[in-house]
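User: Please examine the structure shown below and answer some questions about it.

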Amino acid sequence: MSADGASCAQKPVSVLFVCLGNICRSPMAEGVFRSMTKSDTRIGTIDSAGTGAYHEGCPPDPRTMSVLEENGENSYHHQARKIRNSDFKDFDYVLAMDADNLHDLSRVQRRIIKNSGLDAAPAKVMMFGDFGGCEGEEVIDPYYGARDGFTIAYEQMTRFSKGFIEKVLQGVDVATS
């Protein structure tokens with residue numbers, strides 16, 4: 001509560017993870033982040049999307065799911081989707097997996113701002129890897145490689161999620177009803 005009696009509580013933080021096709025990296029990031037924040041009232045909506053519609057409606061790659069399951073995340077379900085213009089107002093953070101994704105997302109966000117007459121879109125568009133301790137760190141797309149690429153991606157998602165929680169959620173106070 002502030003000095004005038006008004007609540008200082010903020011709304012929960014919403015996060016969208018984005019990669020190219022939304023079947024490998026971004027759903028893995030979503031699954032890891034959901035697991036790490038499942039009882040955290042500071043977190044609101046969590047979702048993932050792709051910059052392309054290549055796999056729209058498909059479940060995550062089986063290697064993504066097996067790595068999640070191997071790490072105790074057994075209740076994750078997702079269908080791939082493409083990023084929507086509304087995501088830039090519905091989410092506080094839109095987190096890209098690599099520089100190409102970031103470039104595509106920034107271009108879409110600029111177009112939305114230009115067409116809407118706004119000074120800025122509400123979402124913070126940035127690299128998820130910025131939260132891993134090395135600014136600009138990318139998650140290499142494991143789709144065309146072996147399963148070990150998915151294990152490496154999982155380790156990155158875990159580290160980035162911990163960094164996000166420490167850097168962004170520290171000091172966030174959410175009102176409970």
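User: Where does Asn71 lie, and is Asn71 buried, partly exposed or exposed?
Analyst: This is a predicted model, in which local features need pLDDT of at least 70, side-chain atom pairs count only at pLDDT 80 or more, and totals for chains, interfaces and linings use all residues. Residues are numbered from 1 along each chain as its sequence is written, and side-chain values use heavy atoms, without hydrogens and water. Asn71 is in the loop between α2 and α3 (87-90), where helices are DSSP runs (H or I) of at least four residues and strands (E) of at least two, numbered from the N terminus. Buried means under 20% relative accessible area, exposed over 50% and partly exposed in between (1.4 Å probe, protein chains only), so Asn71, at 36%, is partly exposed.

User: How far apart in space are Asn71 and Tyr154, C-alpha to C-alpha?
Analyst: In sequence, 83 residues separate Asn71 and Tyr154. Their C-alpha to C-alpha distance in space is 9.1 Å.

User: What is the mean pLDDT of the protein chain?
Analyst: pLDDT is the predictor's confidence in each residue, from 0 to 100. Residues 1-7 have pLDDT below 50, whereas 91% of the chain's residues reach 70 or more. The mean pLDDT of the protein chain is 91.

How values were computed
Contact means heavy atoms within 4.5 Å.
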